[in-house]
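Please find below a short note on the model under review.

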Amino acid sequence: MIVSERKYHGPIPEDSWNWEEIRSIARKTIIGAKKNIEDPNIFHKIALIPVLAWIGLGADGVSSSSYGPPV
């Protein structure tokens, strides 16, 4: 007796998931929509990220300066 014999001999059912659409939505959610390099507002949006990071790092340095050696 063969245990792994397939009982259903019809065509293999198609996958009901639309993987291209799922991949597209996931990419747009994680990475964001495609950007137009000729858009004049793109510099403002991209330049804001390093400025905020610089402010965050500066605040960290200022707060840790309070814990210097006692005088």
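The points below move from the overall fold to individual contacts.

1. Basis of the note. This is a predicted model, in which local features need pLDDT of at least 70 and side-chain atom pairs count only at pLDDT 80 or more, while totals for chains, interfaces and linings use all residues. Residues are numbered from 1 along each chain as its sequence is written, and side-chain values use heavy atoms, with hydrogens and water left out.

2. The chain contains two helices and zero strands; both terms refer to DSSP runs numbered from the N terminus (helices: H or I, at least four residues; strands: E, at least two). Buried residues account for 3% of the 71 in the chain, where buried means under 20% relative accessible area, exposed over 50%, and partly exposed in between (1.4 Å probe, protein chains only). The accessible surface of the chain is about 7500 Å², and carbon and sulfur atoms contribute 66% of this. Areas come from the Shrake-Rupley method with a 1.4 Å probe; for residues, only the protein chains shown count as cover.

3. Helix α1. This helix has twelve residues and spans 16 Å from first to last C-alpha, close to the expected 16 Å at 1.5 Å a residue; the expected span is 1.5 Å times one less than the number of residues. Because zero of its twelve residues are buried, α1 lies largely in the open. Gly-32, which follows α1, has a positive phi near 110°.

4. Salt bridge. How many salt bridges does a search of the whole structure find? The search finds one, the criterion being a side-chain nitrogen of Lys or Arg within 4 Å of a carboxyl oxygen of Asp or Glu. Arg-23 and Glu-20 form a salt bridge at 3.6 Å, N to O. These residues are three apart in α1 (residues 19–30), so about one helical turn separates them. Arg-23 is exposed at 52% relative accessibility, and Glu-20 is exposed at 55%.

5. Aromatic pair. Rings of Phe, Tyr and Trp (its six-membered ring) pair if their centres lie within 6.5 Å; planes under 30 degrees apart count as stacked, over 60 as edge-to-face and the rest as tilted. The count by this rule is one aromatic pair. Trp-17 and Trp-19 are stacked, at 5.7 Å centre to centre with 25° between the planes. Trp-17 is exposed, with 55% relative accessible area.

6. Nonpolar patch. Leu-48, Val-51, Leu-52, Trp-54 and Ile-55 make a nonpolar surface patch of about 540 Å². Patches consist of residues with over 30% relative accessible area and no salt bridge, with like charges joined within 9 Å and nonpolar side chains (Val, Leu, Ile, Met, Phe, Trp, Tyr) within 5 Å. Trp-54 belongs to helix α2 (residues 42–64) and is exposed, at 67% relative accessible area.
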